[in-house]
Amino acid sequence: VQDETGPVRGMSVGLVGDDPLEFDLFRHVETGADGSYSFRGLAPGKYRVFVFDTEDYEALRKNRALPFYAKPGETVEVREAEKITRNLKVSQ
């Protein structure tokens, strides 16, 4: 994850199933010092990946799926044993 100045540490990257009814697939991780993140052990399927401020996590989670699906993000399709890289941008 990067902004205009470079890698962003401590941002949350969310991952949900591509269908809002699949909210139970929600996972999130925080970016490391170099802005990197990783989701391991995903089942094959379509997902949405997006960045959100870690401080907003509880408020978003209480409202369930809708706020997560309103976030700008990218759709990714994961196939078995596939490694996918996505460079996500945040604006300041």
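**View 1. The whole chain and its surface.** The accessible surface of this predicted model comes to about 6100 Å², and 46% of that surface belongs to carbon and sulfur atoms. Buried residues make up 34% of the 92 residues in the chain. As you trace the chain, look for two helices and six strands. Starting at the N terminus, the elements follow the order β-β-β-β-β-α-α-β. Among contacts with a separation of 6 or more, 63% are between residues 24 or more positions apart.

**View 2. How confident is the prediction?** The chain has a mean pLDDT of 82, and 79% of its residues reach 70 or more. Where is confidence highest, and where is it lowest? Strand β2 (residues 6–7) has the highest value, at 94, while helix α2 (residues 65–70) has the lowest, at a mean of 57.

**View 3. Strand β3, covered on both faces.** Is β3 enclosed or open? Six of the six residues of β3 are buried, so this strand is largely enclosed by the rest of the structure. You can check this face by face: Ser12, Gly14 and Val16 lie on one side, with Val13, Leu15 and Gly17 on the other. All of these residues are buried. Strand β3 (residues 12–17) also has strand partners to find. Four bridges join β3 to strand β4 (residues 27–30), and the two run antiparallel. To locate this pairing, find glycine 14, which stands opposite histidine 28 in β4.

**View 4. Strand β5 and its two partners.** Strand β5 (residues 45–52) is mostly covered, with six of its eight residues buried. Which strands does β5 pair with? Six bridges join β5 to β3, and five bridges join β5 to β6. Both pairings run antiparallel. Phenylalanine 50 in β5 is the bridge partner of glycine 14, and arginine 48 in β5 is the bridge partner of valine 16. On the β6 pairing, valine 49 has glutamate 74 as its bridge partner.

View 5. Glycine 45 is found in strand β5. With a relative accessible area of 23%, glycine 45 is partly exposed. How far apart are glycine 45 and glutamate 77 in sequence and in space? They are separated by 32 residues in sequence, but their C-alpha atoms are 5.6 Å apart. Leaving aside residues up to four places away in sequence, glycine 45 touches Val76, Glu77 and Val78.

**View 6. The largest nonpolar core and another one.** In soluble globular proteins, nonpolar side chains tend to be buried together. The largest nonpolar core here has 13 residues, of which Val1, Val13, Val49, Val51, Leu88 and Val90 touch the most other members. Strands β3, β5 and β6 each supply at least two residues of this core, and β5 gives the most, with three. Another core, of five residues, lies apart from the largest one and includes Val16, Phe50, Phe52 and Tyr57. For a closer look at one member of the largest core, turn to valine 1. Not counting residues up to four places away in sequence, valine 1 touches Gly6, Pro7, Val8, Val13, Thr31, Gly35, Tyr37, Val51, Leu88 and Val90.

**View 7. Aromatic rings side by side.** A pair of aromatic rings is described by the distance of the centres and the angle of the planes. The count of aromatic pairs comes to two. Tyrosine 37 is partly exposed at 21% relative accessibility, whereas phenylalanine 39 is buried at 17%. The cut-off falls between these two values, because buried means under 20%. In the other pair, phenylalanine 50 and phenylalanine 52 have ring centres 5.8 Å apart and planes at 35 degrees, so the pair is tilted. Phenylalanine 50 is buried, with a relative accessible area of 1%, and phenylalanine 52 is buried at 2%.

View 8. Alanine 81 is found in the segment after β6 (74–78). At 84% relative accessibility, alanine 81 counts as exposed.

Terms used. Residues are numbered from 1 along each chain as its sequence is written. This is a predicted model: local features need pLDDT of at least 70, side-chain atom pairs count only at pLDDT 80 or more; totals for chains, interfaces and linings use all residues. Side-chain values use heavy atoms; hydrogens and water are left out. Buried means under 20% relative accessible area, exposed over 50%, partly exposed in between (1.4 Å probe, protein chains only). pLDDT is the predictor's confidence in each residue, from 0 to 100. Two strands pair if DSSP finds at least two bridges between them. Contact means heavy atoms within 4.5 Å. A nonpolar core is a set of buried Ala, Val, Leu, Ile, Met, Phe, Trp, Tyr and Cys residues joined through side-chain atoms within 4.5 Å. Rings of Phe, Tyr and Trp (its six-membered ring) pair if their centres lie within 6.5 Å; planes under 30 degrees apart count as stacked, over 60 as edge-to-face and the rest as tilted. Accessible areas come from the Shrake-Rupley method with a 1.4 Å probe; for residues, only the protein chains shown count as cover.
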